[in-house]
Amino acid sequence: MRILLWHVHGSWTTAFVQGPHTYVVPVTGDRGPDGLGRARTFDWPDSVVELPPERLRDAGADLVVLQRPHEFGLARRWLGLRPGVDVPAVYLEHNAPGGPVPDTRHPAAGRPGLTVVHVTHFNRLMWDCGATPTTVIEHGIVDPGPLWTGRLARAAVVVNEPLRRGRTTGTDLLPYFSEAAPLDVFGMGTDGLAGRLGIPAERCRSHELVQSALHREMAERRVYLHPVRWTSLGLSLLEAMHLGMPVVALATTEVCEAVPARAGVVSNRIELLHDAVREFVADPARARETGRAARAAALARYGLPRFLDDWDRLIKEVTR
């Protein structure tokens, strides 16, 4: 198949393009949000081809994977085709709904010829997609390997733009957790985080790394902390489990499904999570054992072969 999709979510797309198809990603001169082209910090195969908008119409597409509402219009302008009408299409929804959650209407609801693909069962439950068919294809991870060493008695946190996103990503909880263990916060827009939160610099370090370096740095930390209140299931959480890291996480959205009891501590009682972080940091042997269980659970549920098989089945259905 020849599949058109925009480069929106680098980590998810890295898994998706490992399949057997040709993947066409638009590229613009400024490599802006609608034309990022091929990834520069992820390892993508040669089957990912970047084309400028003016060449897309002649390139053809067997399937369009939409991820943002305005891509309906982009597809019509750049391809001359209506997704779901003139060309097979699915709408991939990465996120949990915002706003008045029980009643949030999905932007693809009511559109003909589409299937909305959710990445978690929680998201499918919470979005109102009306009569539009929906399905769930859970995340798949390109396995970074069992890299955990736990050499550093610190907790790793991965979040982009924690100050802007605030309570959504649990940024306000970081001062409390920094009392249980020193934190290393990885992600874009983390510079100056400790000062803004009033945490001593040694108790909260910021790191903005390219993807190729992130996993090894995460794996040097003793435990992975996931203080997120309301997002979809974070790929960084699943990557930490693949690395062999024990997990301490809020019991929100899909986390309870993803992290079994043997893989870490999941709760909405922050005192319990605080103690769990401290105990994992103080007990490397327990951290190692729990991390091994986390890796086994992640490979079983979020392995790349299952993910690609699920997508191939859906692609065959919608392009039949």
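How exposed is D128, as relative accessible area? D128 is partly exposed, with a relative accessible area of 30%; here buried means under 20%, exposed over 50%, and partly exposed in between, using a 1.4 Å probe and protein chains only.

## About the model

This is a predicted model, where local features need pLDDT of at least 70, side-chain atom pairs count only at pLDDT 80 or more, and totals for chains, interfaces and linings use all residues. Residues are numbered from 1 along each chain as its sequence is written, and side-chain values use heavy atoms, with hydrogens and water left out.

R105 forms a salt bridge with D128, and their closest N and O atoms are 3.4 Å apart. A salt bridge here is a side-chain nitrogen of Lys or Arg within 4 Å of a carboxyl oxygen of Asp or Glu. The pair links distant parts of the chain, 23 residues apart: R105 sits in the loop between β5 and β6, and D128 in the loop between α4 (121–126) and β7 (134–136). Helices (H or I, at least four residues) and strands (E, at least two) are DSSP runs, numbered from the N terminus. R105 is partly exposed as well, at 48% relative accessibility.

The loop between β5 and β6 (114–118) also holds G110, which is exposed with a relative accessible area of 60%. Leaving aside neighbours within four places in sequence, G110 is in contact with C129 and T132, where contact means heavy atoms within 4.5 Å. From G110 to G130 the C-alpha distance is 6.3 Å, although 20 residues separate them in sequence.

Side chains of opposite charge can pair when their charged atoms come close. In this model there are 21 salt bridges. One of them joins R151 and E220, with the closest N and O atoms 2.7 Å apart. R151 lies in the loop between β7 and β8 and E220 in the loop between α8 and β11, so this pair ties together parts 69 residues apart in sequence. R151 is exposed, at 56% relative accessible area, whereas E220 is buried, at 19%.

D184 and R154 form another salt bridge, with 2.6 Å between the closest N and O atoms. Because D184 is in strand β9 and R154 in strand β8, the pair ties together parts that are 30 residues apart in sequence. Both D184 and R154 are buried. They belong to a network of salt bridges that links R154, D184, E202, R205, E217 and R221.

On helix α8, the buried residues are Q211, L214, H215, M218 and A219. They cover an arc of only 115 degrees around the axis, which puts them on the same side of α8; the arc is that of the directions from the helix axis to the C-beta atoms. An α-helix has 3.6 residues a turn, so residues three or four places apart point the same way.

On the other side of α8, S212 and R216 are exposed. The cover over the buried residues of α8 includes α1, β8 (152–158), β9 (183–186), β11 (221–226) and α9.

The largest pocket has a volume of about 1,600 Å³. Of the 49 residues lining this pocket, H9, G10, S11, N160 and M188 are the closest to its centre. On a 1 Å grid over the protein atoms alone, a pocket is an open set of points with protein on both sides within 12 Å along at least five of seven lines, and lining residues have an atom within 4 Å of a point. Grid points are joined across faces, edges and corners, and a volume is the space filled by probe spheres set on the points. Helix α9 gives the most to the lining of the largest pocket, with 3 residues. By class, that lining has 19 nonpolar, 20 polar and 10 charged residues; Ala, Val, Leu, Ile, Met, Phe, Trp, Tyr, Cys and Pro count as nonpolar, Asp, Glu, Lys and Arg as charged, and the others, Gly among them, as polar.

The second largest pocket holds about 400 Å³ of space. Of its 18 lining residues, T14, V142, P144, Q211 and H215 are the closest to the centre. Helix α8 supplies the largest share of this lining, 4 residues.

## A cavity

A search of the whole structure finds 1 cavity of 30 Å³ or more, a cavity being a set of points where a 1.4 Å probe fits but cannot get out. Its lining consists of F16, G19, P20, H21, Y23, L308, W311, D312 and I315, and helix α13 (residues 304–319) gives the largest share, 4 residues.
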